[in-house]
Structure formats: C-alpha cells, structure tokens
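Subject: Handover of a structure and its findings

Dear colleague,

Please find below the structure that I am handing over to you.

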Amino acid sequence: MGQPMADDLGFLLSRASGQVVRATNAALAEHGLRVRTYSVLVFACEAADGLNQRELAGFLGLDPSQVVLLVDELVAAGLVERQAAETDRRTRLVVPTAQGRRVREAAGEAADAAVEVPLGLLGDAERDRLRDMLTRIWTATG
C-alpha cells in the first residue's frame with residue numbers, strides 16, 4: 001500500500017511539526033518545561049520590559065486563558081514574575097527572574113540539539129528556505 005497522504009501538505013506539516021515538538025518536549029523536560037512554557041519564557045526573556053499576557057497570546061496564537069495557565073506554571077517554578085507596568089499599574093507584565101534567564105539559556109541549548117534530530121536531514125540552505133517559507137505563511141495569517 002502506498003502513502004495516501006504523502007501529497008497532502010497539511011498532513012505533512014502536521015506530522016513534521018509533531019516530530020519536532022515531541023523531540024523538543026523530551027529535551028525540555030529535564031528543565032521542567034514543554035514547548036509552550038518554553039516559548040513563553042523565551043518571549044519574556046527577549047522583551048526588555050516584559051510582556052503582558054495579551055501580547056503573549058497574540059505571539060503564540062493561543063487563547064489568553066491558555067497563556068494565563070502557562071504563566072502560572074512558570075511563576076510557580078520561579079522562572080517568571082508578574083509585575084505591574086510602570087505606565088498602567090492595572091496591567092501585569094510577565095518578566096523573567098534570574099533563575100528563569102538561566103533556565104532559558106540551558107533549555108535553549110537542549111531544544112536546539114533536539115531539533116537537530118528531525119531537521120538533521122536538511123542542509124543549511126534547505127533549512128533557511130524552510131524557515132523563510134514558514135515565516136511567510138505564519139506572518140501572513142497572523
């Protein structure tokens with residue numbers, strides 16, 4: 001029997017994404033993270049003044065209620081804090097702790113190594129093209 005879904009791009013993207021996510025989750029587990037919590041931590045670390053949960057939801061393409069739960073996990077682990085914004089004391093910003101920055105660095109190395117397993121089949125130029133194509137699709141659809 002052939003592979004009936006081999007020409008279905010949606011199916012292939014979903015399967016490839018699943019492989020990358022599983023490999024990354026396995027590598028992040030030793031740091032107490034999963035892809036989604038790691039993503040929140042990365043965004044918090046990259047934002048100079050922190051991010052509010054609505055911004056995080058937009059970046060991650062998640063419902064704000066899901067982001068609240070992810071941030072709660074990171075707060076409980078001591079990796080981020082919620083701080084009042086200087087401009088609007090009602091707005092709570094997600095800001096990394098010093099421990100959060102250390103964990104993000106170590107977890108990033110583990111995640112990068114894990115992605116090498118499924119993506120190791122591609123050369124550098126192929127990865128660059130894939131990254132460019134996926135970025136175009138992602139940014140065009142919000």
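**Pockets**

The largest share of the lining of the largest pocket, ten residues, comes from α5. The model is a predicted one, in which local features need pLDDT of at least 70 and side-chain atom pairs count only at pLDDT 80 or more, while totals for chains, interfaces and linings use all residues. Residues are numbered from 1 along each chain as its sequence is written, and side-chain values use heavy atoms, with hydrogens and water left out.

A pocket is defined on a 1 Å grid over the protein atoms alone, as an open set of points where a 1.4 Å probe fits, with protein on both sides within 12 Å along at least five of seven lines; lining residues have an atom within 4 Å of a point. A volume is the space filled by probe spheres set on the points, which are joined across faces, edges and corners.

The largest pocket has a volume of about 1600 Å³. It is lined by 35 residues, of which Ser17, Val20, Val21, Val35 and Leu134 are the closest to its centre. At least two lining residues come from each of α1 (9–29), α2 (35–46), α3 (53–60), α5 (98–119) and α6 (124–141). By class, this lining has 20 nonpolar, seven polar and eight charged residues. Here Ala, Val, Leu, Ile, Met, Phe, Trp, Tyr, Cys and Pro count as nonpolar, Asp, Glu, Lys and Arg as charged, and the others, Gly among them, as polar.

The second largest pocket has a volume of about 160 Å³. Leu9, Leu12, Leu13, Ala16, Leu130, Met133, Leu134 and Ile137 line the second largest pocket, and α1 and α6 each supply at least two of its lining residues. These residues divide into eight nonpolar, no polar and no charged.

**Fold and sheet**

The chain has six helices and three strands, where helices (H or I, at least four residues) and strands (E, at least two) are DSSP runs numbered from the N terminus. Along the sequence, the pattern is α-α-β-α-α-β-β-α-α.

The three strands form an open antiparallel sheet in the order β1-β3-β2; two strands pair if DSSP finds at least two bridges between them. The edge strands, each pairing on one side only, are β1 (51–52) and β2 (80–84). Two bridges join β1 and β3 (residues 92–96), and Leu51 stands opposite Val94 in β3.

**Salt bridges**

There are five salt bridges in the structure, each a side-chain nitrogen of Lys or Arg within 4 Å of a carboxyl oxygen of Asp or Glu. One of them joins Glu46 and Arg104, with the closest N and O atoms 3.6 Å apart. Glu46 lies in helix α2 and Arg104 in helix α5, so this pair ties together parts that are 58 residues apart in sequence.

With kind regards
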